[in-house]
Amino acid sequence: MGGTYILVGLGLTLILSIMSILQFAHGEIYMLGAFTVYFLCVMHGVNLYLAVFISMLSTAVIGLILERVLLRPLKGLFLSYVCATTGLSLMLQTGVVLAFSKSTKQLPSLWSGAFNVFGIMLSRERFVAIVIALILTLALYLFLKQTKYGLAMTASAQNREGALMQGINPNIMSAMVVAIGSGLAAVGGALGGSIFNLDPYMGGLAFMKGITLIVIGGLGSLPGAVVGGLILGISESLFSLFFGSQMGVVIPLLLVIAFLIFKQKGLFGHD
Amino acid sequence: MLLEIINLWVRYEGAEVLKGISCAVEEGTIVTFLGSNGAGKSTTLRAICGLKAPDSGEIWFNGERIDGNLPQNIIKQGIGHVLEGRALFPYMTVLENLKVGAFLQKDREQVDKNLEEIFANFPILKERQQQQARTLSGGEQQMLTIARALMGSPKLLLLDEPSLGLSPLMVRQIGKIVQDIHQRGVSVLLVEQNARLALGVAQRCYVFETGSVVLCGETKELMGNDQVRKAYLGL
């Protein structure tokens with residue numbers, strides 16, 4: 001599961017550090033990505049991997065629209081912004097219920113079967129999920145480090161006014177970051193939906209996992225998001241294994257409380 | 001005139017910070033704003049580059065009216081702003097900071113040329129190009145901020161308190177840097193608390209007091225003015 005958490009968390013942390021807002025509908029963007037894949041793959045017979053790719057692009061476009069019509073006009077109006085994004089998440093949930101009904105659905109497996117590594121069975125689809133998540137993270141890292149617009153985005157996250165005074169247009173940065181974050185969340189949704197089930201309310205939990213991961217890894221840090229996602233995924237599976245699945249969900253949250261008390265910046269965070 | 005400000009008023013939450021100031025920067029000169037804290041010098045710079053929208057008045061740059069424009073469009077016209085407190089990107093390397101400074105440069109060759117020139121003038125930045133900006137000393141950070149602004153090949157450089165918090169030796173070096181920049185054909189608008197530094201390099205000076213310009217003229221004349229000598233040079 002670590003892989004899907006990473007993909008949700010990356011978008012959240014990028015949006016938060018560049019726009020200083022928490023995207024409350026980000027979990028529903030994740031859900032929307034999963035249902036796009038369901039729509040294409042299960043209902044219309046498109047190849048699963050192609051469907052994931054299309055879902056990533058189309059959800060990124062939805063992110064662009066979202067930024068332009070909702071987030072940008074409400075810039076600086078904190079309360080209106082919280083109401084609007086929370087409302088949007090409810091609207092998206094209801095919309096998906098109307099379009100696909102409430103029942104849980106299943107995506108085909110990314111790669112069925114399991115590896116046998118020295119007697120331990122590792123599911124192949126989880127392996128694929130983590131590999132895809134890491135490839136996308138690496139691509140994002142290269143984009144942020146090597147390209148002009150990537151550097152401008154990093155700069156905007158580190159000093160807003162400093163970036164403005166280099167002639168960087170903050171609106172373009174916001175649009176880019178919401179689009180990229182949404183595209184990544186869509187892939188996360190597809191991976192999650194393939195390993196588990198999908199339903200219109202799957203976004204809520206994913207959003208919470210994303211926040212957890214940011215707290216553990218540190219705000220605005222890509223390595224932090226990756227390590228945070230892995231810690232979260234691994235601790236969940238381990239604790240579920242030893243103490244039952246209920247505790248598997250609770251213990252990472254205890255971890256968050258511990259981080260908030262003893263290490264507010266997270267593992268890799270800066271100021 | 002490269003920059004002309006006419007009757008500029010700025011209010012922050014009802015308080016009048018600039019009460020109708022007028023001033024100008026001629027092409028190829030260094031102009032300085034003197035005055036105590038809160039006199040409105042930094043606010044004027046912020047209004048020029050669009051960080052604070054003026055309530056009334058006009059700002060002209062290079063023959064075009066720029067007040068009311070967005071910062072990114074004003075910077076595009078050829079203004080570089082070295083903000084007070086440096087405003088670096090602390091977790092990016094020196095080289096990355098400089099690259100971001102060239103964000104608006106379309107011409108790659110010009111970027112390489114600027115970078116080469118900057119490394120020639122600031123060898124310490126070349127040496128530390130792979131270091132994160134936050135690991136530099138105060139003086140080096142100030143050099144990096146100025147160098148970053150120069151990456152955009154500005155016609156006019158706004159410098160807000162470049163000597164703040166620096167050692168006397170470093171302050172002298174900043175003065176030399178400002179003169180170097182000027183010699184390369186960039187006009188400079190320098191806001192300084194350190195009047196000795198400012199009057200030493202500038203050709204023209206405006207004295208600010210509580211949101212108004214109370215005195216202006218050639219620095220040579222002002223140096224002879226008793227009021228200025230007492231208030232700013234401690235003579």
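In this predicted model, confidence within chain B is lowest in helix α10 (residues 226-233) of chain B, where the mean pLDDT is 74, and highest in helix α3 (residues 94-101) of chain B, where it is 94. Chain B as a whole averages a pLDDT of 89, and 99% of its residues score at least 70. For the complex, the predictor reports an ipTM of 0.88 and a pTM of 0.88.

Chain B is divided into two domains, whose bounds are as follows.

| Domain of chain B | Residues |
|---|---|
| domain 1 | 3-78 + 154-233 |
| domain 2 | 88-153 |

A distance of 23 Å separates the C-alpha centres of domain 1 and domain 2 of chain B. Where they meet, 12 residues of domain 1 of chain B are in contact with 10 residues of domain 2 of chain B. On the domain 1 side, the elements giving two or more residues are α2 (71-76) and α7 (168-183) of chain B. Of the elements on that side, α7(B) gives the most, with five residues.

In chain A, the axes of helix α2 (residues 26-43) and helix α4 (residues 78-100) come within 9 Å and cross at roughly 20°. Because this angle is under 35 degrees, α2(A) is roughly parallel to α4(A). Their crossing is left-handed. From α2(A), the contact is made by A:Gly27, A:Glu28, A:Met31, A:Leu32 and A:Phe35, and from α4(A) by A:Ser89, A:Leu92, A:Gln93, A:Val96 and A:Phe100. The residues of this contact comprise six nonpolar, three polar and one charged.

Note on methods. Residues numbered from 1 in each chain as written. Chains lettered and ligands numbered in written order. Predicted model: local features only at pLDDT ≥ 70, side-chain atom pairs only at ≥ 80, totals over all residues. pLDDT = per-residue confidence, 0-100. Helix = DSSP H or I, 4+ residues; strand = E, 2+ residues; numbered from the N terminus. Axes fitted to C-alpha atoms, helices over the stretch in contact; angles between N-to-C directions. Parallel < 35°, antiparallel > 145°, perpendicular 65-115°, else oblique. Left-handed = near helix turned anticlockwise from the far one by under 90°. Contact = placed C-beta atoms within 7 Å. Nonpolar A, V, L, I, M, F, W, Y, C, P; charged D, E, K, R; others polar. Domains from an automatic or database assignment.
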